Amino acid sequence: MAEYKLLLEHAHEPSFRTLEGYRATGGYKALEKALGMERQTIVDSIKTAGLRGRGGAGAPAALKWGGMPKEKKRPHYLICNADEGEPGTFKDKQLLEQCPFELVEGMTIAAWAVQGDAGYVYIRGEYMDGAKALREAIDEAYRAGLLGKNILGSGMDFDLYIHCGAGSYECGEETALMSSLMGERGMPRLKFPHAPFPVISGVWDKPTLIHNVESYCTVPYIVDRGAEWWSSLGASTKNSRGTKIFSVSGHVNKPGNYEIEFGTPLRELLELAGGVKGGALKACIPGGSSVPIITAESVEKAILGYEEMSEVKSMVGSGGCMFLNEHTDIVKFAWRTAVFYMNESCGKCTPCREGTRWMVQILERIIGGGGRPGDVELLRQVASQIDGRSFCPLGDAAAWPIMGMIRIFPEEFDYYIEQGRSMLDRVPASVA
Ligand SMILES: Cc1cc2nc3c(=O)[nH]c(=O)nc-3n(C[C@H](O)[C@H](O)[C@H](O)COP(=O)(O)O)c2cc1C
Ligand code: SF4
């Protein structure tokens, strides 16, 4: 299998960022088609296609689309989550910068299907180039009657706004994102069953459809080419359809975004990225820093699909795929990962706020050469007290990588504690 470029087919053509260039590739055919379709037919085709959200959890998109109230009593909103804070993930950046019209068209079709009045694209603050490209696309779409009042003479009104974040990983969590968008602190809210789903009560307590950039960008292709065609991509997997963009980084010769069909072996993704650099492959974190690490042997077996990745005890996640060569110090990698989650913990709940700090302190002691017998067990206990006991999934995301690294590379942690240095170092860390 090679790359299967659908969303990224024209990404490298500068004209694709203009309305004229986008239209020349077939852009906006899908919106015209959608405006002539019943709303429910569009929702049904998203279901038939089997689209699963590309933001990380892989939830069926049709559940959200179908969950939006059919009877319109209040304004309906759409949100695009373009916060892309998951370490190792940079696919949305490319989509925003090079394929902005895919997002605008995808959101407009979704707005038609769920009776959306306005949409908000919440963009990671650092993505200034992406925000600029999207601003230009939105302005052009307004001028061409593809946004605003009476879109293409259909009677549909839809406005699209950009909101830039201020650099918080937690603001990518959908309820924290909505709080931030409303001008509140970027902290998560209670979720179902303790609170209604966003489709019932989301931003400003109104029905809200929230999706990742890649999810919305996929919509025009499903509508234009048909749900059956789209769902034929990835048909070798249990339940993962279409293409997926993986951001490949770490010790590879050609880091970058690679769009593949679900069902592609992970080994082939590594080959697309030019193979391992600087030594033999040691490990891989296939779906962003929150998902469990896997060994080189598991890389040989892994198939890229939501269910298939669980067979190697990991996940597709956000598609941030990091390969590590044999010279990687896993204990230091665990410490660096733990520092990220400690810094990004919003502080709302105790297990995450305190636990992430404790994990960093223990790991700092170990890599500093002062590890104590029992530290690995202590680390495991702290991680398990965070996992499943935190208010939002950031806590789990902080615990899983550390638990995974201890489980798969226990000897590296033990060596540090016994010898006061890394298995990979010649000089004791405390002397160096
Ligand atoms: C801590 C945290 C950070 C997240 N960051 C992002 C993000 O940057 N982008 C994103 O699309 N989803 C992110 N998510 C997932 C969102 O909460 C949400 O599930 C997603 O935007 C839904 O879109 P989808 O249905 O297209 O996957 C994050 C979740 C958590 C718990
Ligand atoms: S788990 Fe708790 S402290 Fe951590 S980010 Fe979520 S709400 Fe905030």
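User: What order do the strands of the open sheet have?
Analyst: This is a predicted model, where local features need pLDDT of at least 70, side-chain atom pairs count only at pLDDT 80 or more, and totals for chains, interfaces and linings use all residues. Residues are numbered from 1 along each chain as its sequence is written, chains are lettered from A and ligands numbered from 1 in the order in which they are written, and side-chain values use heavy atoms, with hydrogens and water left out. The open sheet has 5 strands in the order 6-5-9-7-8, with mixed pairing. Strands are DSSP runs of E, at least two residues, and helices are runs of H or I, at least four, numbered from the N terminus. Two strands pair if DSSP finds at least two bridges between them.

User: Which are the edge strands?
Analyst: Strand 6 (256-261) and strand 8 (294-295). Each pairs on one side only.

User: How many bridges join strand 5 to strand 9?
Analyst: There are 4, and the two strands run parallel. Strand 5 covers residues 243-250 and strand 9 covers residues 320-325. Val 248 sits opposite Cys 321 of strand 9.

User: Switching to the ligand. Which residues are closest to ligand 1?
Analyst: Gly 55, Lys 64, Glu 84, Asn 212 and Ser 215 are the closest of the 19 residues around ligand 1. To count as near, a residue needs a heavy atom within 4 Å.

User: What polar contacts are there?
Analyst: A polar contact here is a pair of N or O atoms within 3.5 Å. A polar backbone atom of Asn 212 is 2.8 Å from an oxygen of ligand 1. For His 211, a side-chain N or O atom is 3.0 Å from a ligand oxygen. A polar backbone atom of Arg 54 is 3.4 Å from one.

User: How much of ligand 1 does the protein bury?
Analyst: Alone, ligand 1 exposes 610 Å², and the protein buries 88% of that (Shrake-Rupley method, 1.4 Å probe).

User: Which elements give two or more residues to its shell?
Analyst: Strand 4 (208-212) and helix 17 do. Strand 4 gives the largest share, 3 residues.

User: Helix 17, then. Is Ala 398 buried or exposed?
Analyst: Ala 398 lies in helix 17 (residues 393-408). Ala 398 counts as buried because its relative accessibility is 1%; the cut-off is under 20%, with a 1.4 Å probe and protein chains only.

User: What is Ala 398 in contact with?
Analyst: Beyond neighbours within four places in sequence, Ala 398 is in contact (heavy atoms within 4.5 Å) with Tyr 341, Thr 356 and Met 359.

How values were computed: Buried means under 20% relative accessible area, exposed over 50%, partly exposed in between (1.4 Å probe, protein chains only). A polar contact is a pair of N or O atoms within 3.5 Å; within protein, one must be able to donate a hydrogen and the other to accept it, and residues adjacent in sequence count only if both atoms are side-chain atoms.
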